[in-house]
Amino acid sequence: MNRHEIGDCSADTHCSSIVVIGYGNPLRSDDGIGWRIAGVLRGRFDSSGIEVIQCHELTPEMAENMRRAALVIFIDAATDGFPGEVRQRRLSGSGMNDSSPALSHGLTPEALLALAAHLYGASPDAHLFTVCGRSFCHGENFSPEVARAFPSVVAAIEGLLVEQQGLAFPPPEISRIA
Amino acid sequence: MARTIIIDPVTRLEGHAKITLQTNDRGEVESARFHVTQLRGFEKFCEGRPFYEMPTLMSRICGICPVSHLITSAKACDAILAVRIPPTAAKLRRILNLAQIIQSHALSFFYLSSPDLLLGMEADPAERNLFGVVRANPELGRGGVRLRQFGQQVIELLGEKRIHPGWVIPGGVSEALSAEKRDRILAMIPEALAITQNTLAWFKIRFESFREEVRTFANFPSLFMGLVTGNDRPGYYDGKIRFTDSTGRIVADNLDPANYPEFMGEEVEQATYVKSPYYKPMGYPNGMYRVGPLARLNLSKRCGTPLADQEWTEFRSLERGAVLSSFHYHYARLIEILHGIERIHALLDDPEILDTHVRASASLNNLEGIGASEAPRGTLIHHYRVNEQGLITWANLIIATGHNNLAMNRGILQVARHYVHGDKLTDGMLNRVEAVIRAFDPCLSCSTHAAGQMAIHVRLVNTAGELMDEVRRS
């Protein structure tokens, strides 16, 4: 996991109020969309106090990253829908029910939020952005549909941050995200 | 009527495996087999690659213990270069290796096994997971998350990435440690120590409730094997190989890991992709031995740090000779976490740790190299041969889980004979068969996907192939 922290937090204290987690396998074509978007956002959020995490999957330790977060944004690839389709969904982590995963490496965003709530009493506003992929084969390039969707996801996430947190960002450098 | 019981897949393990139990006409378990059903194949597809790529390539074997493969591979490459790495580089590698052991042990204890230990072997399977632990004992859950995070953060601070760091290279490490990073690690140590001590105190009371499991979980005489330093401490980063028996007597000592083919055989069996190493002088399968935390504490005469030494003394007083029950792998894991934290602290307090000379340079000097270190689950050996251009022509990896293969099979048989009877299968019965494997903490797939999320499907069939009973766990 690559983490980028800005602010007064020490290595052992994750106190960012906004956490962005892009996850997936960047060596599996469209599955890497979350990872790659997080990479772009990292550059654009520089010195804005936002914690950006790039990882292959969600793990229980990330609950700690959320313990003081007001807003958590997840970015992932999806298999349902049409290729390149972008969806945004508000998440709830209230309650760990019988569908809680047996364990342990690959949690769902909801399960991770529930874990953060149970362990730390955290209840951040949470949103999941997904982009439906076409190809999940070995490779580091996106399908044309997902490549086209890429800038719109970045813009949508920035829009959410502007709307909810009053943050401002410079215009995107399209060459960095195409 | 004789029956075959298949547990496929085995849950809460790192990787994919199944268990087959064969019962006789009286419903007694006659044989048990542990099958690893996936092929790794790294030894073959690395052929033709430059040797200096091997550490990065080999670390991709595993998402749980990539650091162990990274370090051991780099040591094999050091041997090909014929370099002595700078002392500070060796110390930094030691810290990285200990951090790896801490995070892996924390995962094994808190995420994979604590559901059984806290909630009980007979608990509702829907509750027997990390979420069940968090509901029943949030403090234990928080401690587990935090302790694993500690190990991962140390790895990240040193190697830039928590998984698959590339910082360890042939000849040393790629970058010196900064004072700022050192101080950040040091700041985390008091909390990590406190969590570990609290968990040890909890576990030492808790395991009294598992007397039957202690008695039956792979509890038998065997050899133990691992790296030991010259002052009789576990040699996590380096050392010589020692074998002891169940009484604690040293059977063989000061064996150079580079000479492993002289004393270690590897049996290939048709039913599994894992090889079965054995101690050659005793032959196969009598040369069965165990490796990993239990073995390391049995082989040594102390850990070498104050708090862990106290715990080691108490641990070894459990039995007169070696501690034989594999249930106590859990206990040993906690003591090793404690030792790892103390040792990291001591290494960081050494002013030399900030020395900037951390890499030795050389070109190809040997056509063969062998590296060994202690991975979380036991001794890991990488053995490479290269041609004059430095391209890999042959590789052999002996992973810790393989060393334990014979003992795990025997452990399954012991548990199954004790708990599995008759025509009906119960979840608690099957969970114990799985739990004995979990005690060894095998890393089968060397990958991080889907472990624990798979359904378990157990079928009890007679010799005519008729289904007698069936259990599904979703």
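Mentor: In this predicted model, B:Pro285 is found in the loop between β10 (276-279) and β11 (289-290) of chain B. The peptide bond joining B:Tyr284 to B:Pro285 is cis, with omega at about 0 degrees. Most peptide bonds are trans, and most residues other than glycine have a negative phi.

Directly after α15(B) comes B:Asp441, with a positive phi near 55 degrees. B:Asp441 is not a glycine, yet its phi is positive. It belongs to the loop between α15 and β15 (456-462) of chain B. B:Asp441 counts as buried because 27 C-beta neighbours lie inside 10 Å, and the threshold for that class is 20 or more.

A counterpart is B:Ala82, which is likewise not a glycine and has a positive phi of about 60 degrees. B:Ala82 sits in the loop between α3 (66-81) and α4 (87-119) of chain B.

Returning to the helix itself, α15(B) has 14 residues, which at 1.5 Å a residue should span 20 Å; the C-alpha atoms at its ends are 20 Å apart, so expectation and model agree. The helix is mostly covered, with twelve of its 14 residues buried. Among these buried residues are B:Met429, B:Leu430, B:Val433, B:Val436 and B:Phe440, and also B:Asn431, B:Arg432, B:Glu434 and B:Arg438.

One partner of α15(B) is helix α14 (residues 405-419) of chain B; their axes are 9 Å apart and the packing angle is about 155 degrees. Because angles over 145 degrees count as roughly antiparallel, α14(B) and α15(B) are roughly antiparallel to each other. The crossing of α14(B) past α15(B) is right-handed. On the α14(B) side the contact involves B:Met408, B:Gly411, B:Ile412, B:Val415, B:Ala416 and B:Tyr419, and on the α15(B) side B:Met429, B:Arg432, B:Val433, B:Val436, B:Ile437 and B:Phe440. By class, ten residues of this contact are nonpolar, one is polar and one is charged.

Helix α7 (residues 179-206) of chain B and helix α12 (residues 329-349) of chain B have axes that come within 9 Å and cross at roughly 155 degrees. α7(B) is therefore roughly antiparallel to α12(B). In this pair, α7(B) passes α12(B) in a left-handed crossing. Contributors to the contact include B:Ile185, B:Leu186, B:Ile189 and B:Leu193 of α7(B), and B:Leu334, B:Ile337, B:Leu338 and B:Ile341 of α12(B). The contact of α7(B) with α12(B) comprises 14 nonpolar, four polar and one charged residues.

As for the setting, chain B contains 15 helices and 16 strands. Of its 474 residues, 55% count as buried. Among chain B contacts between residues at least 6 apart in sequence, 71% join residues at least 24 apart.

How values were computed
Residues numbered from 1 in each chain as written. Chains lettered and ligands numbered in written order. Predicted model: local features only at pLDDT ≥ 70, side-chain atom pairs only at ≥ 80, totals over all residues. Axes fitted to C-alpha atoms, helices over the stretch in contact; angles between N-to-C directions. Helix = DSSP H or I, 4+ residues; strand = E, 2+ residues; numbered from the N terminus. Parallel < 35°, antiparallel > 145°, perpendicular 65-115°, else oblique. Left-handed = near helix turned anticlockwise from the far one by under 90°. Contact = placed C-beta atoms within 7 Å. Nonpolar A, V, L, I, M, F, W, Y, C, P; charged D, E, K, R; others polar. Expected span 1.5 Å × (residues − 1).
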